[in-house]
Amino acid sequence: MTMIVTLTLNPALDISAHVNRVVPDSKLRLGEPVCEAGGGGLNVSRVLARLGGDSLAIYTRGGPAGARLDALLEEGGVAREAVDIQDDTRENLSIIEDSTGQQFRFVMPGPRLTRDEWQRCLDAVANLDPVPDYVVASGSLPSGLSVDVYADLARMVHEQGGRLVVDTSGEALRAALDEGVYLVKPNVRELARLVGRDPEGGWDPEKEARGLVSGGGSEVVVLSLGAGGAFVTGRDLEVGEHVRSPTVPITSKVGAGDSMVGGLMAALARHEPLLHAVRYGVAAGAAAVMTPGSELCRKEDTDRLFARMREDAADPAAQSGGQAAMA
Ligand SMILES: Nc1ncnc2c1ncn2[C@@H]1O[C@H](COP(=O)(O)OP(=O)(O)OP(=O)(O)O)[C@@H](O)[C@H]1O
Ligand SMILES: [Mg+2]
């Protein structure tokens, strides 16, 4: 069985609640709050649990919010190993304004992690027996840590013969690529920042993605394009392929990126070829867009969209928009 480990250094207890209207200077009375586990790696593990894949979630845990997070993961059937830390796990707040449907998302910076606490996270991954096939490091870094932590992780995973998948941004992503990883999933904005381009455009994202592969930064690059789907390129897929996303009703885009990575990993765990796995990831991302609030993709939506994409790929004329399927 393929073993997938997710690592979440800055998880969150995500609290969401409804209000009729957000106005300044007055008390805003909220509806009943809903709590969920959040943070990139934990979301990927939750998606895997939904899609029928196994994973072990390794994450930092501090204070009462950390304990609550634990209970939520237990309910969600996520196998896990917590690394206890001194500071409290963060709590994020999402307010949904019913009169407009707008979401206001307040994201806390999170705990400070000491070098020793980071080392314990690294050891938790390094000491696994058997060695995991894939390690997925996803999400922002907590403050206090050097941007090199994913590079340390990349070195360790590589030495053990595993594959590191990274979904993060900025300096932490740069450092991981300098070391060399198996797969990265930037969106266009993250790629622009990485390669020093204008996020508004005027450059060729596909070329830059190919550059990350030819430069040895990552064996595979899955560039996510929102409603446009994804572009994948890799050592064995040099020119790259564009995988179109199916058109879906947009309810909430929150969770699309993590659902995509979760779908991709679920398919890789089933030993599907890379291009199929990216298709399944795109289906999972699109499925997440259909669900309300921060809800991740549902399996039945993902499988239905995936089946539709396969039919469209087999019969390009049938594709929505009438454009030829390149996937
Ligand atoms: N409007 C949409 N319609 C259909 N599919 C979508 C849409 N938005 C996102 N997706 C799907 O979700 C995937 C990931 O979305 P996106 O490129 O926005 O990732 P991201 O920017 O990393 O997201 P996040 O903000 O969740 O981290 C896309 O590749 C696509 O498959
Ligand atoms: Mg993302």
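## Glu179 and its partner

Welcome to this predicted model, where Glu179 is partly exposed at 33% relative accessibility (buried means under 20% relative accessible area, exposed over 50%, and partly exposed in between, with a 1.4 Å probe and protein chains only). Its side chain meets that of Arg155 in a salt bridge, at 3.3 Å from N to O (a salt bridge being a side-chain nitrogen of Lys or Arg within 4 Å of a carboxyl oxygen of Asp or Glu). This pair links distant parts of the chain, 24 residues apart: Arg155 sits in helix 4 (residues 149-160) and Glu179 in helix 5 (residues 170-179). Helices (H or I, at least four residues) and strands (E, at least two) are DSSP runs, numbered from the N terminus. Arg155 is partly exposed too, with a relative accessible area of 37%.

## How the model is read

Residues are numbered from 1 along each chain as its sequence is written, while chains are lettered from A and ligands numbered from 1 in the order in which they are written. As this is a predicted model, local features need pLDDT of at least 70 and side-chain atom pairs count only at pLDDT 80 or more, whereas totals for chains, interfaces and linings use all residues; side-chain values use heavy atoms, with hydrogens and water left out.

## Other salt bridges

The structure holds 17 salt bridges. One of them joins Glu74 to Arg80, with the closest N and O atoms 2.9 Å apart. Glu74 is exposed at 52% relative accessibility, and Arg80 is partly exposed at 28%.

Arg298 and Glu295 form another salt bridge, at 2.8 Å from N to O. Here Arg298 is partly exposed, with a relative accessible area of 32%, while Glu295 is buried at 19%. Elsewhere, salt bridges with shared partners connect Arg61, Asp70, Glu74, Arg80 and Asp84 into one network.

## Backbone points to check in the loops

If you enjoy torsion angles, start with the peptide bond from Asp129 to Pro130, which is cis, with omega near 5 degrees. Pro130 lies in the loop between helix 3 (115-126) and strand 8 (134-138).

Asp25 has a phi near 65 degrees, a positive value in a residue other than glycine. Asp25 is found in the loop between strand 2 (12-19) and strand 3 (34-38), and is exposed, with a relative accessible area of 84%. For His271, phi is also near 65 degrees, again positive in a non-glycine residue. The loop holding His271 runs between helix 8 (256-269) and helix 9 (274-290), and His271 is exposed at 66% relative accessibility.
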